[in-house]
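Here are my notes on the model you sent over.

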Amino acid sequence: MTNDMSLSKALNAGLRAAMAADETVVLMGEDIGRLGGVFRVTDGLQGEFGAYRVMDTPLAESGIVGMAIGLAHAGFRPVVEIQFDGFVYPAYDQIVTQLARHFARSGGGLQVPVVIRIPYGGGIGAVEHHSESPEAQFVMTPGLKVVTPATPQDGYWMIQQAIAADDPVIFMEPKRRYWQTGEVDVDASPPSLWSSVVRREGTDATLIAYGPTVTTCLEAAEAAEADELDLEVIDLRTLSPLDLAPVYASVRRTGHAVVVHEAARTLGLGAEIATRITQECFYSMEAPVQRVTGYDTPYPPSRAEDEYLPGIDRILDTVEALLSDEWVTESPSGAGRWGRVG
Amino acid sequence: MGDARAHPGGAPVQRCVQLLTPDGDRIDDPEFAYDGDQEAIAQLFRQMVLIRRIDTEGFALQRHGELGLWPPLLGQEAAQVGSTAALGPDDVVYPTYREAGVAWLMGVDLADLIGQWRCSTLGSWDMRRHRFGPLSIVIGAHPLHATGYALGLKLREEEGVVLTHFGDGASSQGDVMEALEFGALDQVPVVFFCQNNQYAISLPATRQSAVPIVQRASGFGMPGVQVDGNDVLAVQAVTAAAIDRARAGGGPTLIEALTYRMGPHTTSDDPTRYRDDAEVESWRARDPIDRVRKLLQRLGTPSTFFADVDAEAETLGAHVREVCSALPEPDLAAWFDHVYAEQTDELRAQRGEYVAWRSQYGGVA
């Protein structure tokens, strides 16, 4: 059965399916019950499953995650909603020193299958602390897995797969895509949660994106057609573990790679991905891997966010420079910003 | 700063429950009673002597370079034994790192316990089998887990109650406050057992909390009980009452057990820099084991009993040393295997990389 629905509705449907399939699945978070969540992702679930399975918690992120860890010890599969990306930090200690480590600490005896849902990223004109992209901080924490859907279909599938996983999963939801609609086939079999997919095939360069920038890159690829540029777009879907096999296959064909993410540049996912591409595809590459990212500033006042976020123009300028052998060197001095091969 | 020996705020605590004086005299409390017989008291005595011996050996093993660190429990035997004795067969403990005695009483293998302080494991016991959670080294992180577990028991309408130990230092942590709040809001079956051993490393408890810690309870909407933490009978009675209350659906209780850490914070600490001998001696006079020995002797316990317990402690001490010397070195290759329940290709590859590198130098592939 195929329905057209928004990412928000698809996540809601996925949560409903997971709760119906497994009575140990419980939802916890601020305003997720009666209100249905500030983005309505949990809309109607408390009415359907009751206040003990969809719990409105006090406003205490560390407490919510710590409680979820204890519930997981007791055999539950808690799904926590952090209301906004910028509010996850009070829970950072519980996530990093506890959630990520209990399985290792116990010698593999104590599973903590907690899912932490975090609406993330900018683009909605929000006030401070509502547009952050902290995914790298979780990706660099051993013991956590990190995934991010970009489409309603993936939202529906991936939330159920994350809940069924026996490891803690940080589930990053691209909030500015909550209202974007797409087809959702509720009967089809999903690919592995830990796999990346090619969203658009192309021959000239490979755009590597995840979460909110998948749509941006697809739009950029479409716009590039006017310039007779044929861009491949890969949706990573899983950030930890990374599945870069499709990326390597693509870059070996195109010889050009651009990583696009909203998070700040330094030690963002792009740094890791660029290193790995260089190691795996060195002799196929015609230019260094490029990054189109947020800048290394705090997230700006949102009236300036269109300039900060990687948009179609910045992506295409980078691609054109790359293909004309004029790539960005990212020199901190600014001197030699445009480099040339040979 | 005022007088560091007194809490700057709050009223004087009206009552600290005591059922056995330091002189070994049994006294009555209007609310709490210890109803065990002489044999039960003898068992508490035995357990206290034995965990003190484990502690003595742990300390000595660290001094011999066998352990990386040891956090002594000397002086806190009554708090550990009394609180554990109050547990029913379905009840679960979430400890802090100083609960070596509780761990042993809950049946945790000495190899697992000693291994953690030898730094050959991070604590590998089966939590569900022993009903004993991971030792929490991050101060105050675990009462939330205890409360979450207790919420799980309530959701499933199971019998168990969760007892969580923490110290006066942990009482300053936001996570502990959040645990008290979550526990009280949903009236979950959890008992918060604060061992106030008077110091968080060097900072006195009177500088951790503006009011006596027990008085925090009322603000969270739960009963608070202060108990002589060196009186094993009172600790058991107070904890049992709190557990009964939680089991009956009455929600959490905050217990403040006043005790004293006779030794250093850990084997790396030097308590002479922050407290004086007179204070230590005043607490030595309130020793948790001596007073029970006096009581048992007065009740006519034969001297052979005490000799037997001492002999058992000797045997246990030797066993601790044997267990320590038999501990295997950790295998880094195996460490890759339980980072995730579902192994990742990345870690599989890194494991292979490490094993291949090691094998070049004669390591086991």
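**Notes on the two-chain model**

1. Let me begin with Gly109(A). Once neighbours within four places in sequence are left aside, its contacts are Ser124(B), Asp126(B) and Met127(B). In chain A, Gly109(A) sits in the loop that runs between helix H5 (102-105) and strand S5 (115-120). Buried or partly exposed, how does Gly109(A) count? It counts as partly exposed, because it has 17 C-beta neighbours inside 10 Å, whereas a buried residue needs 20 or more. Val184(A) is 75 residues away from Gly109(A) along the chain, and 37 Å separate their C-alpha atoms.

2. A word on confidence before going further. This is a predicted model, with ipTM 0.96 and pTM 0.96. For chain B the mean pLDDT is 96, and 98% of the residues reach 70 or more.

3. Chain A as a whole has 12 helices and 14 strands. Its radius of gyration is 20 Å, which agrees with the value near 20 Å for a compact globule of 342 residues. Along the principal axes, the C-alpha atoms of chain A fill a box of roughly 65 × 45 × 40 Å. Of the 342 residues, 55% count as buried. If you take the contacts in chain A between residues at least 6 apart in sequence, 78% of them join residues at least 24 apart.

4. On domains in chain A, the assignment gives domain 1 (2-185) and domain 2 (197-323). Their C-alpha centres lie 26 Å apart. The contact between them takes 24 residues from domain 1 of chain A and 22 residues from domain 2 of chain A. Which elements give two or more residues to the domain 1 side? They are helix H6 (135-139), strand S6 (145-147) and strand S7 (169-174) of chain A. By class, that side of domain 1 of chain A has 10 nonpolar, eight polar and six charged residues.

5. For chain B, the division is into domain 1 (16-329) and domain 2 (331-365). The C-alpha centres of these two domains of chain B are 38 Å apart.

6. One more helix to look at is H9 (residues 232-247) of chain B. It has 16 residues and reaches 22 Å from its first C-alpha to its last, close to the 22 Å expected at 1.5 Å a residue. Is H9(B) mostly covered or mostly open, and how many of its residues are buried? H9(B) is mostly covered, with 13 of its 16 residues buried. Just after H9(B) comes Gly249(B), which takes a positive phi of about 95°.

Note on methods. Residues numbered from 1 in each chain as written. Chains lettered and ligands numbered in written order. Predicted model: local features only at pLDDT ≥ 70, side-chain atom pairs only at ≥ 80, totals over all residues. Helix = DSSP H or I, 4+ residues; strand = E, 2+ residues; numbered from the N terminus. Expected span 1.5 Å × (residues − 1). Buried ≥ 20, exposed ≤ 12 C-beta atoms within 10 Å, placed from the backbone. Rg over C-alpha atoms; globule rule 2.2 N^0.38 Å. Contact = placed C-beta atoms within 7 Å. Domains from an automatic or database assignment. pLDDT = per-residue confidence, 0-100. Nonpolar A, V, L, I, M, F, W, Y, C, P; charged D, E, K, R; others polar.
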